[in-house]
Amino acid sequence: MTIREQLERQEQTSLSAHACLSGHGGKRKKPEDPCAVRTAFQHDRDRILHCKSFRRLKHKTQVFLAPEGDHYRTRLTHTLEVAQIARTVSKALRLNEDLTEAIALGHDLGHTPFGHAGEKVLSELVTGGFHHVLQSLRVVDCLEKEGQGLNLTEEVRDGIVKHSKGRGPILAKDPAVRAQTLEGQIVRLADIVAYVNHDLDDALRAGLIHKGQVPAAIVDVLGCSHSQRINTMVCDMIQASLCIDGGGISLSPAVVEAIDALREWLFVHVYQVRTVHDDFIKASRILRELFLFFMQNEEALVAHGGDRFCGDPLEISVADFIAGMTDRFAINLYHRLFLPQPWKIL
């Protein structure tokens, strides 16, 4: 018996009846021999962790554009916080931590530079629109490993593509948008738990807001500190989910209302304030001009690091290239292409 088979047997005896067992799932688009020491979901986690798209998340904006301060979140630290919150809930519910972690680590691989401002630009320019959720799936299916993709399991792919809620309902009632596994549903909620808390924390650090501004109704339910808020949300998610015993991952009505209120408050007082918004207008102009330049210069796309995979329209290849950029790569490339360079005497 291999180590992987021993781990799969352990899952059968230790995990909840509602957990997604590695030995019962793990189907891939391209069949392959299983690893001798890792379960299918552990293997997926490792593939995501070692891919180039994951490493680039460290230089992609979360809220504050290309922050110079060492303690502001980036898309990478956001991803790690989501993974840890999701694992805590998954372990408490005796679900599959490895599946949960793989989905969490892969959920934002397709995010653009400059956060949602970059996503908005590409959505306006690409025929049929652009969404980072679908791009994350495209990254793992088609773009990584020079076009081979990571060949992830169906369960991980499903969790990635169904993690986002935008400004829609926190709890997904429509089965079409709800992950097929409880582990995937955990990541969807862990994502919002992470970002409302760390975006508030970063805004306080930046001096955009002060603690006294957060509405009392939100503080009374969630708590007044970063750790209190996360603890409230995580414990509530665990308890509410235990109460419905496998019927889904949930939150109590009071906590849902408070999270929703906090999210809307952040939109008004952080995401859309002029000092933050103005920089994203400039960033949007950078991506828009880069997109139009490469649409008119296909050879330049390849010369600067883009790819032309067989059968893809040019605009899809350009969108892939731009979505994969880090903030600083986009800014530096814009400087090289559109701004005069100092003359160098050889």
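The model is predicted. Its largest pocket has a volume of about 990 Å³, and the second largest pocket holds about 490 Å³. Seven aromatic pairs occur in the structure.

**Largest pocket**

- The lining of the largest pocket consists of 35 residues, and Gly115, His116, Ala117, Phe267 and Tyr271 are the closest to the pocket centre.
- At least two lining residues come from each of helix H4 (75-92), helix H6 (115-125), H9, helix H12 (253-271) and helix H13 (274-296).
- By residue class, the lining of the largest pocket has 10 nonpolar, 14 polar and 11 charged residues.

**Second largest pocket**

- The second largest pocket is lined by 24 residues, of which Arg56, Gly305, Asp307, Asp320 and Gly324 are the closest to its centre.
- Two or more residues of this lining are given by each of helix H3 (52-56), H7 and helix H15 (314-323).
- H7 provides the largest share of the lining, six residues.
- The lining of the second largest pocket divides into eight nonpolar, eight polar and eight charged residues.

**Aromatic residues**

- One aromatic cluster is formed by Phe293, Phe294, Phe321, Phe329, Tyr334 and Phe338.
- An α-helix has 3.6 residues a turn, so residues three or four places apart point the same way.
- The ring centres of Tyr334 and Phe338 are 4.9 Å apart and the planes are at 55 degrees, so this pair counts as tilted.
- Tyr334 has a relative accessible area of 15% and is therefore buried, the cut-off being under 20%.
- Phe338, at 30% relative accessibility, is partly exposed.

**Helix H8**

- Helix H8 (residues 154-161) is mostly covered, with six of its eight residues buried.
- Those buried residues are Glu155, Val156, Arg157, Asp158, Gly159 and Ile160.
- Their cover includes helix H2 (40-49), H5, helix H7 (132-147) and helix H9 (182-206).

**Asp98**

- Asp98 belongs to helix H5 (residues 97-106).
- With a relative accessible area of 16%, Asp98 is buried.
- Apart from neighbours within four places in sequence, Asp98 contacts Glu11, Thr39, Phe41, Gln42 and Arg45.
- Asp98 and Lys30 are separated by 68 residues in sequence and by 21 Å in space, C-alpha to C-alpha.

Conventions:
Residues numbered from 1 in each chain as written. Predicted model: local features only at pLDDT ≥ 70, side-chain atom pairs only at ≥ 80, totals over all residues. Heavy atoms only, no water. Phe/Tyr/Trp six-rings, centres within 6.5 Å; stacked < 30°, edge-to-face > 60°. Buried < 20%, exposed > 50% of the residue type's maximum accessible area, 1.4 Å probe, protein only. Helix = DSSP H or I, 4+ residues; strand = E, 2+ residues; numbered from the N terminus. Contact = heavy atoms within 4.5 Å. 1 Å grid on protein atoms, 1.4 Å probe; cavity = no way out; pocket = protein on both sides within 12 Å on 5 of 7 lines; lining within 4 Å. Points joined across faces, edges and corners; volume = space filled by probe spheres on them. Nonpolar A, V, L, I, M, F, W, Y, C, P; charged D, E, K, R; others polar.
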